[in-house]
Every structure is written in C-alpha cells, then in structure tokens.
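User: I would like to learn how to read the features of a protein model. Can we go through one step by step?

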Amino acid sequence: MNKLKGIGVSPGITIGPAYLVPKLHQYVSDHQIPPEEIASEIERLEKALAETEDDLEKIRTQTARNSGTIEANIFNVHLLLLHDRELKKEIVRQIKDGVNAAWAVQTVVNRHLERLGKVNDAYLNERRYDLEDVGKRLLRNLLGIKGHFADLKERVVLVAHNLTPSETASLNRKLVSAFATDVGGPTSHTAIMARALEIPAVVGLKEITGVARPGETVIVDGQQGVVILDPDESVLKEYTQRQTGLRKSHRALSPLKDVIACTRDKHRVIIGANIELPAEVSSVMAHGADEIGLFRTEFLYLNREDLPSEEEQFRVYRHVVEKVKPCSVTIRTLDLGGDKFASALNMPEELNPFLGWRAIRFCLSQPDIFKEQLRAILRASAFGPVRIMYPLISDVEEIKTARIIMEEAMAELKQRNKKFLPSIPIGAMIEVPSAALTAGAISRYVDFFSIGTNDLIQYSMAVDRTNVRTAHLYSPTHPAILKLISEVVGAGRKTGIPVGLCGEMAADPALAFLLIGIGVNELSMAPLAIPEVKQLTLLITLAEAEECARKTMNMDSASEINFMLKKKYAEIMKRGKK
Ligand code: PEP
Ligand code: MG
C-alpha cells in the first residue's frame, strides 16, 4: 500500500484500476534509415501531418459543440503550431540525414520545448504545453497508436504526468472515473475539467506515475487530496464504506435541489454557484442553486493569441444569463495576474505576482480592455438579471475610478443604441485586509459585497494559496479571518447592502454554519457542494449559529474553533438522521 498526498481539486471518492497514460517516448527508437527509404519516410510524415490536422479539426468542432467556442479556441493554436513551416523543415532535414520520422519529430519537438521552457516570457512558456500536445498527437499518428486512451475497456482511474487539454477533451467520460496527476494546481486545466465533468481528481502528486502499476487498485479521494495505491483490505473496506455513504447521501440529498435553503427559525440563506466555464451552467441548475454567485471570466482570455472582442464576450455572457434566467448571474470582471496570465496581454514577469499588477489594478490601468468587458456585461444585462463585481479592491478610490469607467461604457452603449440595465448592481469583492477594514467607506459606493476568502486568507496570513509547503498555515477559521469577515458583515448591515461570500470555505458545511452565524447572507460555492450546505441550513436555527459565532469571537486559535465546530456539526448531522 502506498498513500500519496496531493491537492484535491474535484471532490468525491473513486476506487478503480489504474490506467497509466503511456509515455510516448517508450515507443520511439533512434534507428537509422537507409537512403532509399528517405522519400517514403517523408511521405509517412506528410500523411501523419494530414491525419493530425484532421483530428484537430474534428476535436475543435466537437469541443465547440459540447463546451462552446471559447474552449474550442485552444485547438486553433494547435493547428497554427502544426502548420509551422520551420518546425516541419527541421524534421524533414533530420529525416534526410537518415533519422526515422518518429525520432526526428521527438527530437525537434523536445528541442523546442526545452528552449521555450528557458524563455523568460509567460506567453511563450504557456505555448510549451500546446506544442507538447501537438507533438504527442503527431507522434501517435506516425506510430499508428490510434486515439487517446483507445484501448480503454472498463472504468479506470487515469494516472498521468499531466493531462493535456486535447486529452481531457477527447476522453470517454463513461470510462474514466477519476484523475490523478504528477503536476498541476487547483486552477490547472485538468482541475477545471475534472470539476466540470464532476469526477474526483487529485493533482500535484509529484511522483504517482513513477510508483503506480498498471491495473492495480487505486483509491482517489478528491476531498482530502489523497491517493492510495494498492490499498490493504482494511483501508479498502473503509473507503468502500465512505464511498457508499457518499453515494447514499448524494441520492438522499438530490430532492433538495427544489428546496429553498431556510433555517428552522425561517432565516433564508441564498445559495449561489461558482462557475469558471459556461459549460458548467447545467450543473448549476442540476444542483439547485438560487443564482450564479461568481462567474469567473478569465477563461475568455486564456489559451489564445488575441483578446476577446466585446461581441464575443457578450454572446458568452448572454448565453449564461438566458440559461439561468430568472436566477441572477454575478459576473466578475477580469482577474488576471497572480497565477493566471493571458498570452495576448504580454504581462511582465513580477517578483511577487500576487501582490502585483493583478485584477482590478490591471483593469484600471488598461481602461480600453476593461471597458470592452464592461460593455459586453452591460449588454447581457438586457437579457436577464446580472450583477457586476470587481475583484481585489483594496481601496475606495478604485471603486470610484471603476465607476467613472463604467459611466463611459454606458455612454458609449447609449450612443450605439444598445440596450442595458442602467441600474445594474455593482459589487466589490472583499479579499484584501485593507478593504475589509475600510468596508464602511467602500459600502457607500457599491450595491453588494462578496467576500473572497481564498485571497483574503492568503493576504491576511501571508500564506501563498498555491504553495503546498505552507498549505498547513492556510487557515479559514483563524480568529483574524473571522474578525475581518465580521467587520465586513457589520459594514454591510450598517449601510444596508447584502454581504455574500464566494471563497472555498462556503462549500464546507461546518464553516457555512459559522458564516451564517456571523451574518453572511449569500454563500456561493462549486455546484457539487450545494446539496450538503442546503441540508445544513434546514437542520439549524439562525439563533444557534449566531451563538456559536459569538463564542468563536472569544477564542484564541483556529484549532480551538475547529474543535468546537466539528463537535457542533456532528451534533447537527445527528438531527438529520432522526
Ligand atoms: C476568492 O479569492 O475567494 C475568490 C473567490 O476568487 P478567486 O478564487 O478566483 O481568486
Ligand atoms: Mg480572489
């Protein structure tokens, strides 16, 4: 038995046989070819190039149909790379020197990958993964290894170093029950896809491809970020029971999708869904969200060479708005920087990207790009209820400046006779301590607050949210965090604006209990987490949640608070069983 710890990026428990995604280089050898075979080897290359082009065209159409044009865009980049004349020339030159085609492709692609890896440029660095993906596909065609995971016959756990976008897009969902990968973080493409497909996933396992054996039993616990290879009988029994329990509770909770989240003493809690891709909208409805509380829009700007136009963005926003109408959609403006960089924007390398040119700071200094997005969101507001919110506000002046730019965007739309809702609600994300502590001032310029605890915790505790080594210090229940949240709730109440929370902590029912007690009105979370949080609200009273929140205000440490919450939550859950 071997237990590995990684980052759980999509919840749920799966037990199944491991399928090790083959490393293509195992099939490639450096045998030389005689001069008389050079012409036919070049012909083989041409044929493989044509097949790869065909594959990419097909997968682009299929992705556009299933997930939308934005997700399909990445395959345009792949086609561009495939048509790169220099790359082909280099490969042909090698073949003419007597190298077989597969070895030539592998050598040339690897050389370029190495070069791109060393370049100090986020855009070129990102292209590395695309080139790797195209190179693999071309090799597969050359070697006659058809289709990704084509030999899958039973449901498996995919174990891979990394899964490329085209691999995840082309896998058969019925045959893949979980992902476990060496690399990746919570915002990696694999993580986003796993959540959208609703299958458990653990990434950042570092060495799983080195230690897993094909066919051996694997447990993937996407909640705890744990993968167990070849579990012994007692562990297997424990996880089988937990899996059955989870399935049962999911089944039992599914009728809650039509139930309103309301405490026993009639306090209504608004339950929102967080989405990163338009394709997740069906999951929002299936899990019974009251609204989309956070629609992240970075996906529009990633994996492409140009910027999305107003028209393109408008179509995406309108699609989501019309799909969930009459529920409202809170669209967050661009939050690039930190750990997300767009190719087309050429953002410079920074020593401290999370403290740098990120989110609203970037947008305010690039008003044309910002306004393009604002106009698109405004136009979508003519088709259903929409709210706009700004990420990473750290000072009231930023809100004032954003308001001026918003007015300009509105004036431009008026001039073009485009419809929009002039009174569109505007919100500030509170995710920096300076904003939490001056929430009173900020509240006078906005219509709502949404607390982004993922960032608020990292900035308050000086803990990089993406660093595995300091993950144990990242603590949602630290008294400082709870005080900051109460401060924001107090400011919102005083001015009379709603205060929501859309960080990951809203998805944990025990923490949701505490947040309701502190006075947060809206909790927004990954769609999968909704049923459990809804269930919690039905079992509690607001009065007991408030009492619990009051008690935490006199506690000294996160561990003390966690201990009390765990006990209380177990007691609440017992009520559900009666
Ligand atoms: C947050 O910071 O809590 C949040 C919801 O935003 P993101 O995770 O996209 O930074
Ligand atoms: Mg944030």
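User: Leaving aside its neighbours within four places in sequence, which residues is Q224 in contact with?

Analyst: A note before the reply: this is a predicted model. Apart from neighbours within four places in sequence, Q224 is in contact with K5 and R242. Q224 sits in the loop between β7 and β8.

User: Is Q224 buried, exposed or partly exposed?

Analyst: Q224 counts as partly exposed, since its relative accessibility is 47%, and the exposed class begins over 50%.

User: How do I read a sheet, and in what order do the eight strands of the open sheet come?

Analyst: Strands of a sheet pair through backbone hydrogen bonds, either parallel or antiparallel. In this model eight strands make an open sheet with mixed pairing, in the order β1-β8-β7-β3-β4-β5-β6-β2. Its edge strands, β1 (2-5) and β2 (7-10), each pair on one side only. On average, neighbouring strands of this sheet are turned by 30 degrees against each other, direction ignored.

User: How many bridges join β3 to β4?

Analyst: Three bridges join β3 to β4 (residues 156-160), and the two strands run parallel. One of the pairs is A18 with its bridge partner V157 in β4. Helix α10 (residues 233-253) packs on the sheet, where it touches β3, β7 (217-221) and β8 (226-229). The direction of α10 makes about 120 degrees with that of β3.

User: Where is T14, and what does its side chain reach?

Analyst: T14 belongs to strand β3 (residues 13-20). Its relative accessible area is 8%, so T14 is buried. The side chain of T14 reaches the backbone oxygen of S177 at 3.1 Å. Leaving aside neighbours within four places in sequence, the residues in contact with T14 include V157, P200, V218 and Q243.

User: Now a helix. What span should α14 have, and how far apart are its end C-alpha atoms?

Analyst: An α-helix has 3.6 residues a turn, so residues three or four places apart point the same way. Helix α14 (residues 367-380) has 14 residues, which at 1.5 Å a residue should span 20 Å. Its end C-alpha atoms are 20 Å apart, which agrees.

User: How many residues of α14 are buried?

Analyst: Eleven of the 14 are buried, so α14 is largely enclosed by the rest of the structure. Among them are I369, F370, L374 and I377. The buried residues of α14 pack against α12 (310-324), β11 (329-332), α13 (359-365), β12 (386-390) and α15 (396-415).

User: Which strands does β14 pair with?

Analyst: β14 pairs with β13 in the parallel sense over four bridges, and with β15 (residues 499-501), also in the parallel sense, over three bridges. I430 stands opposite I451 in β14, while F449 stands opposite V499 in β15. Both faces of β14 (residues 448-451) are covered: F448 and S450 on one side and F449 and I451 on the other are all buried.

User: How do I read a metal site, and which residues are the protein donors of the magnesium ion?

Analyst: The magnesium ion (ligand 2) has E431 (OE) and D455 (OD) as its protein donors, at 2.1 to 2.2 Å. E431 is in the loop between β13 (426-430) and α16 (433-437) and D455 is in helix α18 (residues 453-461), so the pair ties together parts that are 24 residues apart in sequence. Both E431 and D455 are buried.

Notes:
Residues numbered from 1 in each chain as written. Chains lettered and ligands numbered in written order. Predicted model: local features only at pLDDT ≥ 70, side-chain atom pairs only at ≥ 80, totals over all residues. Heavy atoms only, no water. Donors = N, O, S within 2.8 Å, 3.2 Å for Na, K, Ca; no water. Buried < 20%, exposed > 50% of the residue type's maximum accessible area, 1.4 Å probe, protein only. Polar contact = N/O pair within 3.5 Å; in protein donor to acceptor, adjacent residues only side chain to side chain. Contact = heavy atoms within 4.5 Å. Expected span 1.5 Å × (residues − 1). Pairing = 2+ DSSP bridges. Axes fitted to C-alpha atoms, helices over the stretch in contact; angles between N-to-C directions.
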